[in-house]
Number of protein chains: 2
Amino acid sequence: MELCIIGSRGHQSYVLDGLKDVPFVKITGISTGTEDDCVVEMKHIFGDRAQDAEVFSDYYSMLDTLKPDVVSIAGPLEKHSQMCIDAFELGIHVFCEKPVATNLKELEKLKNAFAGTDVHFASMMGMRYDPAFYTAWCSVMDGIIGEVRLINAQKSYKLGHRPNNYSKHETYGGTIPWVGSHAIDWVHWFSCESFQTVYAAHSSKHNCGLGELEMTALCLFSLTNDIFASVSMDYFRPDSASTHGDDRIRIVGTRGIIEVNKGKVFLINNNANGRTGLKVVFDRQIFSDFIEHINGNSVSLIDAEDTFIVTEACLLARQSADEERVIAF
Amino acid sequence: MELCIIGSRGHQSYVLDGLKDVPFVKITGISTGTEDDCVVEMKHIFGDRAQDAEVFSDYYSMLDTLKPDVVSIAGPLEKHSQMCIDAFELGIHVFCEKPVATNLKELEKLKNAFAGTDVHFASMMGMRYDPAFYTAWCSVMDGIIGEVRLINAQKSYKLGHRPNNYSKHETYGGTIPWVGSHAIDWVHWFSCESFQTVYAAHSSKHNCGLGELEMTALCLFSLTNDIFASVSMDYFRPDSASTHGDDRIRIVGTRGIIEVNKGKVFLINNNANGRTGLKVVFDRQIFSDFIEHINGNSVSLIDAEDTFIVTEACLLARQSADEERVIAF
């Protein structure tokens with residue numbers, strides 16, 4: 001199976017990690033997807049696996065010339081949707097960094113381009129493959145907390161050093177789509193309900209000179225069946241913290257409450273004797289799972305439909321925060 | 001100092017507990033404030049401390065006849081504001097269960113009646129006197145996390161057995177004012193900013209036949225200086241849980257993050273080496289502090305202004321949830 005790579009931003013490390021499990025995948029071409037990025041860095045990241053890859057300055061020429069089976073895209077965010085559309089038209093399976101579109105018009109074009117193709121398309125929603133979150137999700141799907149009623153999700157990151165593309169909405173997309181997308185995806189994934197309205201707020205105050213980058217954001221989603229979800233995001237995690245991120249979720253059901261915190265899963269229900277930890281077991285990897293899905297050996301935990309739903313939710317939440325009003329889906 | 005008691009609902013236990021510290025306070029009169037409640041139960045609750053108290057079927061006659069220095073009110077919620085107004089007009093200090101008003105019109109009348117009096121007035125916001133929350137608050141006021149930017153507050157209760165007055169908005173007030181008021185008060189107390197807008201949602205689904213009682217609610221407050229706060233409430237805490245309530249707060253600041261969870265206080269900032277627990281020390285009690293405030297020996301942690309601000313925030317949040325729209329303060 002032949003793979004081309006566009007860009008070295010975001011989570012291309014998922015590809016590198018996953019390649020170990022799928023030795024039959026060969027990187028045939030690489031392209032930065034932008035003149036701003038450096039192909040030497042890309043070659044460095046992919047090392048031996050890219051040693052025979054042809055380098056293209058223009059991503060479209062690469063796709064059109066090599067016609068790979070799969071392309072992995074993590075270049076400039078603002079170019080993602082067009083890159084995906086080009087790949088769809090060439091019949092190439094697409095694994096793409098989120099957000100796959102940075103505005104609703106692009107998203108609509110992307111959905112239209114995907115409709116009718118038979119390619120596999122998924123965004124890099126790596127958190128679904130986090131062992132603790134996956135364990136919690138399986139437990140909720142098994143009914144361990146009854147019916148889901150309320151969700152509180154949290155993303156908290158260290159700010160660290162951020163390159164210039166984080167400073168502008170045009171190239172960064174915003175903290176709600178970039179950081180919040182994972183948590184917004186959990187809301188969609190755990191609730192099994194449809195988004196109905198969102199109200200959100202965000203602020204770029206105290207962002208250490210990073211232009212438009214929002215340091216805090218908060219969303220309130222209402223879903224079908226009167227399920228409500230809060231999504232909290234911030235870049236204020238202190239440098240001294242033990243991990244880059246502090247990802248959490250708390251899901252309140254009619255018969256119990258489950259939580260993920262610090263990579264552990266905690267349950268309270270009337271079968272558990274007080275608050276108990278659940279055993280966390282999981283061995284699937286997002287990129288190799290994507291490849292095995294194409295081969296018919298697995299079913300990806302995230303697909304095109306999920307990707308479109310979550311992207312729309314992120315973009316409407318950002319719009320709600322920008323316009324300070326409730327937005328209906 | 002003479003004290004009259006109206007009602008045995010809510011948190012009159014604060015009064016009973018606090019009386020131990022202020023032996024000079026004498027209960028001179030008790031009244032249920034409603035024909036629905038039982039004076040025998042009231043006498044039972046206050047035991048020896050009420051043995052010389054005169055019993056009145058009509059609370060106003062009690063106040064007007066005995067002219068106590070202080071009245072503690074925890075009767076039917078829907079009568080609180082008029083009871084407070086009557087006491088203000090008689091020059092009596094008022095310690096009142098929250099909410100002190102169940103609609104905005106009542107609240108306005110109450111504020112007008114209070115203006116110009118020199119009585120001390122506070123609601124039973126007992127959570128300010130919780131040692132962990134107070135410790136966290138002192139630390140935040142000392143600047144341990146820099147400037148507050150984001151707050152996530154949580155109240156989660158067991159449903160248990162609830163009397164009929166919980167089934168109707170008219171007599172219960174709603175889950176946002178009843179359960180959420182503590183957490184909404186934390187937002188006000190920790191942020192030191194003014195509420196600007198609120199958007200909220202609530203649902204009475206799965207309430208075990210308890211009429212209008214909402215089982216879940218979620219609020220998003222925007223405050224001055226671009227501070228945002230989520231307040232999550234639910235009655236789905238399983239019976240098997242070790243405590244009735246699961247009260248939490250997480251406060252994100254420009255230089256650190258502090259949390260209260262399970263009666264403990266955790267801090268991450270760049271002086272702390274990772275996440276550390278803070279020593280929880282506190283020995284003040286809400287009712288005895290109220291009395292010592294009147295005597296000039298202390299300053300209550302909650303006063304009339306706080307009470308009015310938080311009551312308004314609760315009522316506007318409930319209105320937002322009822323009307324599904326953003327409401328400005």
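Modeller: Contact here means heavy atoms within 4.5 Å. This is a predicted model, in which local features need pLDDT of at least 70, side-chain atom pairs count only at pLDDT 80 or more, and totals for chains, interfaces and linings use all residues. Residues are numbered from 1 along each chain as its sequence is written, chains are lettered from A and ligands numbered from 1 in the order in which they are written, and side-chain values use heavy atoms, with hydrogens and water left out.

Biologist: What is Phe308(B) in contact with, leaving aside neighbours within four places in sequence?

Modeller: Its partners are Leu107(B), Leu110(B), Lys111(B), Phe114(B) and Phe121(B).

Biologist: Is Phe308(B) buried or exposed?

Modeller: Phe308(B) is buried, because its relative accessibility is 9%; buried means under 20% relative accessible area (1.4 Å probe, protein chains only).

Biologist: Which helix holds Phe308(B)?

Modeller: Phe308(B) lies in helix 10 (residues 304-323) of chain B. Helices are DSSP runs of H or I with at least four residues, and strands are runs of E with at least two, numbered from the N terminus.

Biologist: Turning to helix 9 of chain B, why is it largely enclosed?

Modeller: Seven of the nine residues of helix 9 (residues 286-294) of chain B are buried, so the rest of the structure largely encloses it.

Biologist: What covers those buried residues?

Modeller: The cover includes strand 1 (2-6), helix 1 (13-19), strand 4 (70-73), strand 5 (93-96) and strand 6 (121-123) of chain B.

Biologist: And what follows just after helix 9 of chain B?

Modeller: Gly296(B), which takes a positive phi of about 80°.

Note on methods: Buried < 20%, exposed > 50% of the residue type's maximum accessible area, 1.4 Å probe, protein only.
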